[in-house]
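Visitor: Could you walk me through a few side-chain features of this one?
Guide: Gladly; let us look at it together.

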Amino acid sequence: MDEALRKIEGFVDEGGPHLVATVNPEFVMRAQQDPEFARVLGSADLCLPDGAGVVWAARRQGCSMRGPVAGTDMLPLLAATCTRRSFPLFLLGAAPVWRTSSR
């Protein structure tokens with residue numbers, strides 16, 4: 001996790017766009033069927049193993065990985081880094097939160 005955060009911090013310091021993907025088992029399966037999705041993942045500046053299953057499969061294929069880096073676990077740490085360094089943070093793809101109770 002710390003290594004991934006340092007890498008992302010370095011991307012911001014470099015400037016320009018960078019693609020970071022948190023790759024879960026569903027992404028792996030989709031990439032096997034969708035060449036364009038596989039191309040996008042392959043072009044990412046950083047792919048993080050989002051789940052123990054991804055780490056296990058990668059190790060089985062000969063890749064060395066320390067452990068999973070779940071996107072949901074990283075987000076609070078990334079937000080704290082952005083606050084500390086005054087980086088803007090933009091989240092794409094979220095859905096509105098619907099509240100069932102009123103305040």
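**Aromatic contacts and leucines**

Guide: In this predicted model, Phe27 counts as partly exposed, because its relative accessibility is 29%.

Visitor: How many aromatic pairs does the count come to?
Guide: The count comes to 1 aromatic pair, which is formed by Phe27 and Phe37 in an edge-to-face arrangement, with 5.2 Å from centre to centre and 85° between the planes.

Visitor: Which parts does the pair tie together?
Guide: Phe27 belongs to helix 2 (residues 25–33) and Phe37 to helix 3 (residues 35–43), so the pair links parts that are 10 residues apart in sequence.

Visitor: And Phe37, buried or exposed?
Guide: Phe37 counts as buried, because its relative accessibility of 14% is under the 20% cut-off.

Visitor: What lies over the face of Phe37?
Guide: That is Arg30, which is placed over the face of the Phe37 ring at 4.4 Å from the ring centre.

Visitor: Switching topic, where is Leu5 found, and what is it in contact with?
Guide: Leu5 is part of helix 1 (residues 2–14), and it counts as buried because its relative accessibility is 11%. If neighbours within four places in sequence are left aside, Leu5 is in contact with Met74, Leu77 and Leu78.

Visitor: Last one: which residues make the nonpolar surface patch?
Guide: Leu75, Leu89 and Leu91 make that patch, with an area of about 260 Å². Leu89 sits in the segment after helix 5 (71–85), and it counts as partly exposed because its relative accessibility is 42%.

Notes: Residues numbered from 1 in each chain as written. Predicted model: local features only at pLDDT ≥ 70, side-chain atom pairs only at ≥ 80, totals over all residues. Heavy atoms only, no water. Patch = residues over 30% accessible without salt bridge, like charges linked within 9 Å, V, L, I, M, F, W, Y side chains within 5 Å. Areas by Shrake-Rupley, 256 points an atom, 1.4 Å probe, with all protein chains shown as cover. Salt bridge = Lys/Arg side-chain N within 4 Å of Asp/Glu carboxyl O. Helix = DSSP H or I, 4+ residues; strand = E, 2+ residues; numbered from the N terminus. Buried < 20%, exposed > 50% of the residue type's maximum accessible area, 1.4 Å probe, protein only. Phe/Tyr/Trp six-rings, centres within 6.5 Å; stacked < 30°, edge-to-face > 60°. Lys NZ or Arg CZ within 6 Å of the ring centre and 35° of its normal. Contact = heavy atoms within 4.5 Å.
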